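Trainee: I am new to this structure and would be grateful for a guided reading of it. May we proceed by question and answer?

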Amino acid sequence: MTEKKTLGMYDSFVRSGRETRSTHYCAGCGHGIIHKLLTEAMVELGLQDRTIIVNPIGCGVFGYYYWDCGNVGAAHGRAAALGTAINRSRKDAVVISYQGDGDLAAIGFNATFQAANRGEHMAVIFVNNAIYGMTGGQMAPTTLEGMKTKTSPFGRDPLTAGFPMHICEVLNQLRAPVYIARVSVADTKRIMQAKQAIRKALEIQRDGKGYAFVEVISPCPTNLGVDPLKAAQFCIDQMEKEYPLGVVRDNSATAEPRKPDEAKPTPKAFFEEDAHQAPPAEVDPSARELRLKFAGAGGQGILSLGICVAEAARLEKRFTSWYPSYGPEQRGGSASCSVVISGTPIGSPAVDHPDVLVCMNQPSYERFVKDVNPGGIVIVDATVPLNVPAPDGVRVFAMPAIDLSIRLGVPKAANTMMLAALLKLNATGLKRDHLLAALYASFAKKPALIEKNRVLVEEAEKWIAENMKEEC
Ligand code: SF4
């Protein structure tokens with residue numbers, strides 16, 4: 001058995017169980033030094049068993065092959081969001097987000113900014129080498145003015161590409177961060193200073209004091225196209241001019257540690273607080289799975305109608321899912337939702353082939369009618385021309401939901417008219433009491449609407465009994 005080389009790190013880089021070498025980083029890359037500094041701080045502070053590192057997308061993506069502690073991988077730019085989730089569900093954890101400049105300062109900037117503004121309890125190690133390393137040397141938000149990259153072959157021009165982003169200074173506008181510092185690993189003296197800053201960021205986590213951000217200027221010889229010494233010198237001569245080193249903020253002495261009872265709500269507590277009073281679902285293999293699609297234009301209440309049916313199914317102790325879909329223009333654009341009702345756990349909430357289709361406008365009818373399962377039911381607003389035939393064996397009913405709601409004096413209640421049609425045709429298989437209870441519950445905050453909708457349902461049912469017939 002070989003002696004362990006560095007506490008807190010695996011002895012070799014073993015990927016896919018086959019490849020074994022000391023590192024995947026290029027010669028002269030700053031990442032390896034930063035990994036080591038982070039590991040040393042974690043071990044010296046006795047935090048190895050509590051630490052969860054959120055690994056990025058970028059050259060640092062394989063951090064979990066190096067750090068012998070808790071590790072997770074985040075989607076590109078989403079380390080701050082994932083760190084937030086861990087922080088809130090594992091209050092004993094020391095959360096570290098490790099990210100490069102493409103990941104943090106470009107696609108992940110908003111997530112970073114918001115997490116810093118919320119003062120999430122995490123240490124962020126931000127590796128700034130002024131370029132996208134892993135993808136081959138494209139311009140990053142931190143690329144220096146005039147610096148040539150694959151995507152700025154004539155040098156970064158602020159007129160078209162903006163100026164280099166100073167992330168520490170931007171975050172320093174916020175009130176919540178406890179510690180913000182910029183350091184470098186370009187030479188020994190700087191590496192020692194970097195170690196102090198990283199250690200400080202971890203101490204803040206150990207003590208539950210809040211958000212700490214350490215930017216590390218780091219050489220990338222490969223994409224600079226120079227040897228490691230020249231790359232390190234570039235950091236000192238060029239990058240430090242743009243990004244001066246130093247502690248930008250240190251409130252660690254006065255920051256109050258988080259008390260356990262003041263901790264932010266865990267996801268469990270959050271959902272329990274918000275839980276609906278419907279009974280839990282019960283397995284009933286005899287209840288066949290019913291898949292429904294509700295579609296129309298945003299603002300027609302089509303998503304609310306789907307929720308109402310899903311809530312009724314919950315009251316009936318069925319397994320239920322509600323899955324909305326709408327374009328960027330939710331109000332006025334197309335909107336739809338899929339609802340699945342089942343006596344057994346649901347595999348997928350997506351409904352490509354509905355048993356029941358409710359359409360409030362022409363585009364949604366034309367788009368979805370051909371996908372309805374044989375034996376299925378389509379209820380479509382009577383204003384829609386039925387110019388697309390339904391598949392064989394599918395029953396189509398035209399319901400003047402929009403006209404009727406206008407005639408009854410509540411133009412926004414076309415969705416309630418559709419609910420009445422679902423009831424009358426027994427299209428959902430759910431009990432009338434449950435559907436109405438779910439409808440009334442949706443107006444819990446506007447009691448006057450409950451009575452109004454009760455009358456509307458009755459009127460709509462009367463009309464349906466006297467007039468509605470199958471169209472084809
Ligand atoms: S491309 Fe640059 S940042 Fe990436 S591993 Fe190589 S030297 Fe390091």
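Mentor: Let us begin with a term: contact means heavy atoms within 4.5 Å. Please also bear in mind that this is a predicted model.

Trainee: What covers the buried residues of α16?

Mentor: The buried residues of α16 are N453, L456, V457, A460, E461 and I464. They cover an arc of only 135 degrees around the axis, which puts them on the same side of α16. What covers them includes β17 (395–399), α13 (401–407), α14 (414–424) and α15 (432–441).

Trainee: Which residues are exposed on the other side of α16?

Mentor: A residue counts as exposed at over 50% relative accessible area. On the other side of α16, the exposed residues are A448, A465 and E466.

Trainee: How far apart are the end C-alpha atoms of helix α16?

Mentor: Helix α16 has 21 residues, 447–467. At 1.5 Å a residue, the helix should therefore span 30 Å. The computed distance agrees with this, as the end C-alpha atoms are apart by 31 Å.

Trainee: What covers the buried residues of α15?

Mentor: In α15, the buried residues are H434, L435, L436, A438 and L439. Their cover includes α11 (302–315), α14 and α16.

Trainee: With which residues is L419 in contact, leaving aside its neighbours within four places in sequence?

Mentor: L419 belongs to the largest nonpolar core, which has 46 residues. Within this core, L419 is one of those with the most contacts, together with F294, V309, M399, M418 and L422. Once the neighbours within four places in sequence are left aside, L419 is in contact with L305, C308, V309, L435 and L439.

Trainee: From which helix does the largest share of the shell around the ligand come?

Mentor: The ligand is surrounded by Y25, C26, C29, H31, C59, N129, G133, C220, P221, T222 and N223. By class, this shell has six nonpolar, five polar and no charged residues. Its largest share, three residues, comes from helix α8 (residues 221–224).

Trainee: Is A130 buried or exposed?

Mentor: A130 lies in the loop between β6 (123–128) and β7 (131–132). Its phi is near 65 degrees, a positive value in a residue other than glycine. Buried means under 20% relative accessible area. Because its relative accessibility is 0%, A130 counts as buried.

Trainee: What is the relative accessible area of K317?

Mentor: K317 is placed in the loop between α11 and β13 (319–326). Although K317 is not a glycine, it has a positive phi of about 65 degrees. K317 is partly exposed, with a relative accessible area of 32%.

Methods: Residues are numbered from 1 along each chain as its sequence is written. This is a predicted model: local features need pLDDT of at least 70, side-chain atom pairs count only at pLDDT 80 or more; totals for chains, interfaces and linings use all residues. Side-chain values use heavy atoms; hydrogens and water are left out. Helices (H or I, at least four residues) and strands (E, at least two) are DSSP runs, numbered from the N terminus. The expected span of a helix is 1.5 Å times one less than its number of residues. Buried means under 20% relative accessible area, exposed over 50%, partly exposed in between (1.4 Å probe, protein chains only). The arc is that of the directions from the helix axis to the C-beta atoms. A residue is near a molecule or strand if one of its heavy atoms lies within 4 Å of it. Ala, Val, Leu, Ile, Met, Phe, Trp, Tyr, Cys and Pro count as nonpolar, Asp, Glu, Lys and Arg as charged, and the others, Gly among them, as polar. A nonpolar core is a set of buried Ala, Val, Leu, Ile, Met, Phe, Trp, Tyr and Cys residues joined through side-chain atoms within 4.5 Å.
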